[in-house]
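Please read the following with the model open beside the text. The paragraphs go from two annotated residues to the open spaces and then to the chain as a whole.

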Amino acid sequence: MASLILEGGTFRPIFSSGAMDALLDNDIIFPYCIGVSAGITHGVSYLSKQRGRNLDVLKSYRNDKRYLGFRNFFKCKSAFGLDFAFDEIPNKLNPFDMDTFLKYEGTALVGVTNAKTGKTEYLDAKNLDDKCTMLRATCAIPFLFPPIKINENYYYDGGICDPIPIKKAIKDGNEKHLIILTRPKGYVKEFSKKNLMASKVLKRKYPNLCKPILTRHNLYNETVKYCEELEQQGKAIIIRPKSNQAIDSFEKNIDVLTEGYNNGYNQTIEQLDEIKKLLL
């Protein structure tokens, strides 16, 4: 079986959306899809076969203060307007096709980080509720989001402990993989003072999050290297922006975001024959 692996990155996964729309245009639906943060948030629209939806949302709302703006902190302790982004948009303004999504016959997993244990959990995307709670959780970057409660537990961004969930896909029996990254080849994540600050702030309430936050740059770099080894072995195809196509995580320019989408689309079309072989 073949898997589709989706990295996060706030607005960088618009590149991934272009790639997934290229797959839709060629009737390619992977039987297993797993991702974290904005990667899987965009991925559910691929599984609901809503071509262009992710780009439409960013074109319409990226610079809308209801979507992203300082005043949202007063309403929901988040830079993003949580109810606007995860309720009003998918339920009213740009409806998410839940019926088609639930007809998807494969496996779809949403990676989240348990704030108490500091471990990754993988939620069944088909249990998505109409408030998109698990998508809020997988996108919950510390400081920019509050922790999100699901049942009795609180969760943060799935990318903290498993930024590219390739090993989970392999553990679940997948032998070939399409891995969509949002950073160019050669990118090396470095230690961030923001992570040091986050670990200090979260230490008292969520002590088990400290180590993952402080070492996430190492984990990211090791995981990218592992993905590249799989590619060399013929077990994976990696699609990622070229060095001159890198997008900032909080890119504001709609033209730049649209170009990123087009780059993802075009690169996927170029590798279409190889991608099809993954599913044979």
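**A walk through the model**

D157 lies in strand β6, residues 153-157. Strands (E, at least two residues) and helices (H or I, at least four residues) are DSSP runs, numbered from the N terminus. This is a predicted model, in which local features need pLDDT of at least 70 and side-chain atom pairs count only at pLDDT 80 or more, while totals for chains, interfaces and linings use all residues. Residues are numbered from 1 along each chain as its sequence is written, and side-chain values use heavy atoms, with hydrogens and water left out.

D157 has a relative accessibility of 7% and counts as buried. Here buried means under 20% relative accessible area, exposed means over 50%, and partly exposed is in between, with a 1.4 Å probe and protein chains only. Leaving aside neighbours within four places in sequence, D157 is in contact (heavy atoms within 4.5 Å) with S37, T113, A137, T138, C139, A140 and I141.

Where in the fold is S37 found? S37 is in helix α2, which covers residues 37-47. With a relative accessible area of 6%, S37 is buried. Not counting residues up to four places away in sequence, S37 touches G8, G9, T138, C139 and D157.

The cavity is the next stop. On a 1 Å grid over the protein atoms alone, a cavity is a set of points where a 1.4 Å probe fits but cannot get out; a pocket is an open set with protein on both sides within 12 Å along at least five of seven lines; and lining residues have an atom within 4 Å of a point. Grid points are joined across faces, edges and corners, and a volume is the space filled by probe spheres set on the points.

A search of the whole structure finds one cavity of 30 Å³ or more. The largest cavity holds about 420 Å³ of space. Its lining has 24 residues, and T41, H42, Y67, A85 and F86 are the closest to its centre. Two or more lining residues come from each of α2, α3 (53-61) and α5 (82-93), and α2 gives the most, with six residues. By type, the lining of the largest cavity has 17 nonpolar, six polar and one charged. In this count Ala, Val, Leu, Ile, Met, Phe, Trp, Tyr, Cys and Pro are nonpolar, Asp, Glu, Lys and Arg are charged, and the others, Gly among them, are polar.

The pockets follow. The largest pocket contains about 890 Å³ of space. The lining of the largest pocket divides into 13 nonpolar, eight polar and eight charged residues.

The second largest pocket has a volume of about 170 Å³. Among the residues that line this pocket are Y122, D162, K167, L219 and Y226. Both α8 (166-171) and α10 supply at least two of its lining residues, and α10 has the largest share, four residues. Five nonpolar, one polar and four charged residues make up this lining.

Last comes the chain as a whole. The chain has twelve helices and eight strands. Its C-alpha atoms fill a box of roughly 50 × 40 × 35 Å along the principal axes. For 280 residues, a compact globule would have a radius of gyration near 19 Å, and the 17 Å of the chain agrees with this; the radius is taken over C-alpha atoms, and the globule rule is 2.2 Å times the number of residues to the power 0.38. Buried residues make up 57% of the 280 residues. Among contacts between residues at least 6 apart in sequence, 73% join residues at least 24 apart.
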